[in-house]
Amino acid sequence: AVVSTQSKQWYQRRVHGDTRKSVQGRRMLKLISLSSLFICLFCPCMCMHPDQPIVIYLNNSNEDIHINLDEILAKDNLLSSRSGDCHSEGKKLMNLVNRYRRSMGLASIPVNNCLCKTANAHTIELNSGQAWVHSWKDCAYNAWNYQCMWNKPKKICGYPNKGYENSAWSTGPVTAIYALNTIWTRMSSTNEVLLNRGQWKRIQFKGMGASVSGKHAVLWFGD
């Protein structure tokens, strides 16, 4: 909608239910300009508490337009990062991982486009039979060659630090929920990576990327 400075439209920010219809009180918090609305949409941390749902109403004499920011952000909770190479099921997986981490009192990990690109490249090789688990067609991952995994994001797209991977496989199509709930959270080694436990306790992940395709799902973390 285009709103001029002369417009009588107003924007109301509110939490927990429709306070306009509440008997106890309607609180008009503050008028915000159109530019402030875009700030709320594209940088929600500036206008909401992360645990509080926000609804914005655009009102005029004819109609109300209801915009639920929670619904928008739930569809794609990756607004703060460049995630052009992160596909839908991979995004879903990363959202589930961050939700799992928050439920355990841990911070979310930001999405990294390079790590998504790495994840996509790996699922392509895995589904084509050119690679297996953490190995790639050009290198074998083992106790003598950790660099096959660690250096792959740098080789593919210039990631500056090491990369670490969780991998899931099934005889049928893999989903984000299957990879996380059926495989990784039930295996101590992969669950420790998800929650920065054990040998991962002192490592702070600075980025995350994922790909879910065919019979494989991979989740990459970068330090």
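**Notebook: strand 6 and its neighbours**

I looked up Met-208 and found that its bridge partner in strand 6 is Phe-221. Strands here are DSSP runs of E, at least two residues, numbered from the N terminus. The model is predicted: local features need pLDDT of at least 70, side-chain atom pairs count only at pLDDT 80 or more, and totals for chains, interfaces and linings use all residues. Residues are numbered from 1 along each chain as its sequence is written, and side-chain values use heavy atoms, with hydrogens and water left out.

Next, the pairing. I counted two strands as paired if DSSP finds at least two bridges between them. Strand 5 (residues 207-213) runs antiparallel to strand 6, with 7 bridges joining them. I then checked Gly-222 in strand 6. Gly-207 has Gly-222 as its bridge partner, and Gly-163 stands opposite Gly-222.

I checked the turn. The hairpin of strand 5 and strand 6 has 2 residues between the strands, and Gly-214 takes a positive phi near 60° there.

Last, burial (under 20% relative accessible area, 1.4 Å probe, protein chains only). In strand 6 (residues 216-222), 7 of 7 residues are buried. His-216, Val-218, Trp-220 and Gly-222 point one way, while Ala-217, Leu-219 and Phe-221 point the other.

Definitions and conventions
Buried means under 20% relative accessible area, exposed over 50%, partly exposed in between (1.4 Å probe, protein chains only). Helices (H or I, at least four residues) and strands (E, at least two) are DSSP runs, numbered from the N terminus.
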